[in-house]
Structures are given as structure tokens and as C-alpha cells.
Amino acid sequence: MKILVLGATGYAGFHISRALRQEGHTVLGLTRDATSTRSRELLVEEVRPVEGLMSAPETYRAALEEADAVICAALDMNDPLGSDRLLFRTLREAQERTGRSRHLVFTTGITFLTTTGGVWDEKTPADPGNPLHLRARAEQDLADSGLPHTVLRPSFIYGGSGRSSKSAQWFAAARKGEPVFYGDTTKRYTWVHVDDLAAAYVTVLRRPEAFDGEVFMLGDEHQPTLLSVQQACLNAAGYSGDISFESADMGGILESCADRDELVDSAKARTALGWQPRHPGILEDTLTYYAAWDRAQPQN
């Protein structure tokens, strides 16, 4: 197929684009700047950059109409719900003009779900009071649109370049000598390696019609405390000093929203998709993840 990936230069989007190309698809990657280093890296992976903005559908409309499927791995921080709705509208308009539908694989997350005191699955309700509830609203808008689609909800991502991951933040903090832990020291998260995550997108697009309207949680079976993961990342980066502890509020809205256990049951993805995480977990190979992040940093 020919597949348009929105967010192709982002952390998850880059790995998704590369995995799709390795599967044999033609991949078009939306990027703000087609001359950027990250866009050149897409070219090396045989992904064709398309310069444009998620908030401006006219910049990617031609690529979307050319495509057989679309992946959204982007989040417009200026107007997240507005840009999502523009994407849905652009897909509907393309379908009306061409008489051909394009399956959308839409990426959200898990932090907008309600606190249950247990493990979350696809039936866990969203929390209307959560600032990230707009992700649930986008999912509902997509379901109401009638567009062929699949929703994927990754847990916390690690591996590869790290980019925007928590592990990368801690590697960088170790280098600066200023690590901070925010919030409850006993909270536990579910994680997913970025390449395992990318494999789920590849699997969905092998038989998109089989997964139309479905939602899948994606995470491995490990449930380490966040503090143990931070300590492992700092150790891997060679930091042996103290960690400062602050309230979650001091870390901003994302730290506040995720100041609790965020544990995922991916049984549905394992059963329906045949998806299985292949990496050993973030605590098992932290030195390797640090080395990958370190190599990805700009060289002086």
C-alpha cells in the first residue's frame, strides 16, 4: 500500500514509518520541514517526506488522496482536538471526491483513563475531569464519523533514540547532574518498546478491514515502579548522585495527570492482532537504551 504517516519525524512516527517501509509499503511522511535532519533521516529509511502541517490540511491533502491508508502519530499541541477533527473531515472529503475510503490508524494513549486502582483495558472509561480527556473526545469523534479506523493506545514508550520518552529525559538529567522525581514514589507504569509499538501498526495494516472500529491497548507485561526505572536510567548514564523529589504539580500537567499507577492489559492485542512484545523490558537492558540515546544526540 501507499501510506501517509502524520508525525513521521516524531519519536513513534519515525519508527512506525521505517517499519512500514521494511514491510514493503510506500511511505509518505508528513514533516514541518523537508530539509531538516530528521527528514533526511526519513529519506535514508526510504520514506518520502511531505512538507506540511497537521493544522493545515491543504498542505497534506494531495498526499492523503494519493494514499491507501493513513496513520496519525502526531499531536498538534496548539490545537490537538481541532487538528484531529480537521484530519477526520479531510478524510471524509477525500472519500466523497474519490469514492475510495482510506483506513486511519489513530494514536492516542492511556493517561486520559480514569483511576480504577487496577489494570486498564479497552473497556476502562475515560476520566472527564482529566486535562487529557480531549484524546477520548477525539476517539469518540472518530467513532461517530463512520470512517474506517483502528485506535491504538500505547503505554509509555522507550528504546531507540528515546526522543521524547521519560527515559530520555532521565538520561539527559543524568548528564546535567540534576535528576528530579515527581510525585508518588510507589507508582508503577506499563512500558512498550518503540519497535514493538511499530509492529502493531504493521499488523493492523496487513488486514485493516478486520480491525475496523477496534481499540487496542499496547504494553508489555512488566510493571516496574517508576522510581526503579529512573534509577536504572541514571545508573546506565553513569550518575551516582542524589535524586531530588518534588510534588507532581511541580513537574507540570503531564506529571500531575500521570501521578498514579498506569498499568495496561494488552490481552486483546495479543489475541486479536497476534501482537507480542519482543523486547525484554526497560529494566533488563537499560545500558543498551542509554547507548542508543547517547548515539542519537547531536555530535559536537
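This is a predicted model: local features need pLDDT of at least 70, side-chain atom pairs count only at pLDDT 80 or more; totals for chains, interfaces and linings use all residues.
A salt bridge is a side-chain nitrogen of Lys or Arg within 4 Å of a carboxyl oxygen of Asp or Glu.

Side chains of opposite charge can pair when their charged atoms come close. How many salt bridges does a search of the whole structure find? The search finds 18. I shall take three of these pairs in turn.

One of them joins the side chains of Asp84 and Arg135, with 2.7 Å from N to O.

Helix 5 takes part in another pair. Glu139 forms a salt bridge with Arg153, and their closest N and O atoms are 2.8 Å apart. Since Glu139 sits in helix 5 and Arg153 in strand 6, residues 149–154, the pair ties together parts 14 residues apart in sequence. Glu139 counts as buried at 10% relative accessibility, and Arg153 does so at 6%.

Strands of a sheet pair through backbone hydrogen bonds, either parallel or antiparallel. In what order do the seven strands of the open sheet stand here? The order is 3-2-1-4-5-6-10, and the pairing is parallel. Strand 3, residues 48–51, and strand 10, residues 214–218, stand at the edges; each has a single partner strand, so one side of each has no neighbour in the sheet. From one strand to the next, the twist averages 20°.

Within this sheet, strand 1, residues 2–6, pairs with strand 2 in the parallel sense over five bridges. As an example, Leu4 has Leu28 of strand 2 as its bridge partner.

Strand 2 spans residues 26–31 and includes Thr31. This residue deserves a moment of attention. Thr31 counts as buried, at 4% relative accessibility. Which side chain does the side chain of Thr31 meet in a polar contact? The partner is the side chain of Ser39, at 2.9 Å. Leaving aside neighbours within four places in sequence, Thr31 is in contact with Thr9, Ser36, Ser39, Pro49, Val50, Glu51 and Gly52.

Helix 6, residues 166–176, and helix 11, residues 286–296, have axes 10 Å apart and pack at an angle of about 75°. Angles of 65 to 115 degrees count as roughly perpendicular, and therefore helix 6 is described as roughly perpendicular to helix 11. On the side of helix 6, the contact is made by Ala168, Phe171, Ala172 and Arg175. Helix 11 contributes Thr286, Tyr289, Tyr290, Trp293 and Asp294.

That concludes my presentation. Thank you for your attention.

Definitions and conventions. Residues are numbered from 1 along each chain as its sequence is written. Side-chain values use heavy atoms; hydrogens and water are left out. Helices (H or I, at least four residues) and strands (E, at least two) are DSSP runs, numbered from the N terminus. Buried means under 20% relative accessible area, exposed over 50%, partly exposed in between (1.4 Å probe, protein chains only). A polar contact is a pair of N or O atoms within 3.5 Å; within protein, one must be able to donate a hydrogen and the other to accept it, and residues adjacent in sequence count only if both atoms are side-chain atoms. Contact means heavy atoms within 4.5 Å. Two strands pair if DSSP finds at least two bridges between them. Axes are lines fitted to C-alpha atoms, for helices over the stretch in contact, and angles run from 0 to 180 degrees between N-to-C directions. Angles under 35 degrees count as roughly parallel, over 145 as roughly antiparallel, 65 to 115 as roughly perpendicular and the rest as oblique.
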